[in-house]
Amino acid sequence: MKLRTVCVIALLFCALVISAFISTKKAADPDTAVIFKIDTLVTNVIVPWQITFLPDGAMLFTERAGRVRIYRNNKLLPKPAFTVNDITLDKKTGLLGMCLHPAFAQNKWIYIASNYTEDNHIRVRVARYEFRNDSLINPFTIIKGIPGNQNHTGCRLLFGPDKKLYITTGDADQPALAQDLKAYNGKILRVNDDGSIPADNPFTKNDTAHKEIWTYGHRNPQGLAFEPGTGVLFNSEHGPTGGDEINIIKPGQNYGWPVIHHQDTREGMISPLLEYTPSIGPSEAVFYNGNAFPELKGNLLVACLRGESILRITLNNDKPVVQEALLKKQYGRIRSLVVGPDGYLYMSTSHYDPPEGKGEPPFDMILRLRPSNEKVKQQVQSIAINKKTTVKKQTPAFMFQQLCAACHGDHLQGTEKTKSLLGRNFAHGADKASIVKNITNGITEKGMPAWRGAISAADINKIADYVWATSKRKK
């Protein structure tokens, strides 16, 4: 009898252990059967950069060509709510980020970021408008004069739980300035709703820093998302050649660019929470807090441009435990991703996006993702979490691969962005001295960064040696 009792207890204990194991595994490896019904809402628009919703359920979105559009009652209104009359269009520039004031229902304020030209240089301006009778009126400048460029211009806008406005800026192809607190390049800024400086910003007592700076050392931050409940701020960011990042943003911190990137570490600098090589091109980020997709509750979702997917990240106490790509290669480059008031997901494509996008009709679209009862799962790709790579010696070839190959190709064969340099087919000087000069000063009007101050003169010389030797080969 005693033996039978012991056996029963042992069996019950085993069952409990097995049950606990299954529960733990389920918590760490969530059900990925997220099945979407896709509705096409808008077509034939040009890079809908930011989607947002009004309290009445109408959708507003920016077109990079300079228009703010309204989608209401299941149709796109033909007349734009606003057209920016001094927009600068050059590859990735134009009309970009947009957000509503937390008290929009009372004050009707909308904030918009756009590129303009001043003294023959591309700049970024954030302005506040009033939304009245389906039009934007009474412009008020929040901040201007932020360096912009055809690449790396940032421009995500978001109000935090603290009712402060957060603004991302790119390095504008001047990497060294991301470390310079006297420059706006490569920063996340934080201001009051009228553009004034919050008293608790981290550099308010630094006489040589812009007081708007919240964090620095960024390359091209494209997404900002506050975690519901905790208020923790996450960002998504483009790396140089791979090295795309998801970060937890803390005030006053240095996120390393261009001193560290990929999975590099250095004291006093923050390495990414998640890093992606090859590149996924992360764009807008959002935490899912709706009810339409209970399986996504609390997940961080990131629109991916180069990755052509929605990145789904499951967190446990802000530590990533599972991540996967949804809708991989099904709708092309995804730019904006938001949760609508109905709990559905809304996303925009970014096909008219040279040089990466083809720009073919129907150009770009806005899509709605609803739950579906279909039995067939849609394509899901599991992604390893920060798969560590063997630390490589900082050879000239390795530095070239990390910093230059995204534009010039792994072996100087060229990409969709640049022509081949093989056979020493140089457009800006055909000797080593010219290569050193171009690496040092950049050709920013063509999208080539200036590496002076970002990497040492000795390393620039080594990379130039590598380019000069490798380019001797024929195509």
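# Sheets, helices and a pocket

Visitor: In what order do the four strands of the open sheet that includes β8 line up?
Guide: These four strands form an open sheet with antiparallel pairing. A strand here is a DSSP run of E with at least two residues, a helix is a run of H or I with at least four, and both are numbered from the N terminus. Two strands count as paired if DSSP finds at least two bridges between them. Walk across the sheet and you get β7-β8-β9-β10.

Visitor: Before we go on, what pLDDT do local features need?
Guide: Residues are numbered from 1 along each chain as its sequence is written, and side-chain values use heavy atoms, with hydrogens and water left out. This is a predicted model, so totals for chains, interfaces and linings use all residues, side-chain atom pairs count only at pLDDT 80 or more, and local features need pLDDT of at least 70.

Visitor: Which residue in β10 stands opposite Val126?
Guide: Strand β9 covers residues 121-132. It pairs with β10 in the antiparallel sense over eight bridges. The residue opposite Val126 is Ile143.

Visitor: Now β11 and β12: which residue in β12 is the bridge partner of Phe159?
Guide: These strands belong to another open sheet, with antiparallel pairing and the order β11-β12-β13-β14. β11 and β12 pair over three bridges. The partner of Phe159 is Leu165.

Visitor: Phe159 also lines the second largest pocket, so what is its volume?
Guide: A pocket is an open set of points on a 1 Å grid over the protein atoms alone, where a 1.4 Å probe fits and protein lies on both sides within 12 Å along at least five of seven lines; lining residues have an atom within 4 Å of a point. Points are joined across faces, edges and corners, and the volume is the space filled by probe spheres set on them. Here it comes to about 880 Å³.

Visitor: How many charged residues are in the lining of the second largest pocket?
Guide: The lining has 33 residues, with Thr52, Leu158, Phe159, Val286 and Val339 nearest the centre. Ala, Val, Leu, Ile, Met, Phe, Trp, Tyr, Cys and Pro count as nonpolar, Asp, Glu, Lys and Arg as charged, and the others, Gly among them, as polar. By class there are 23 nonpolar and eight polar residues, and the charged ones number two.

Visitor: At what angle do helices α3 and α6 pack?
Guide: Helix α3 spans residues 396-403, α6 spans 457-470, and their axes are 9 Å apart. They are roughly perpendicular, a label for 65 to 115 degrees (under 35 is roughly parallel, over 145 roughly antiparallel, the rest oblique). The angle is about 90°.

Visitor: What omega does the cis peptide bond between Thr277 and Pro278 have?
Guide: Most peptide bonds are trans. Pro278 lies in the loop between β18 and β19. The cis bond that joins Thr277 and Pro278 has an omega of about 5°.

Notes: Axes are lines fitted to C-alpha atoms, for helices over the stretch in contact, and angles run from 0 to 180 degrees between N-to-C directions.
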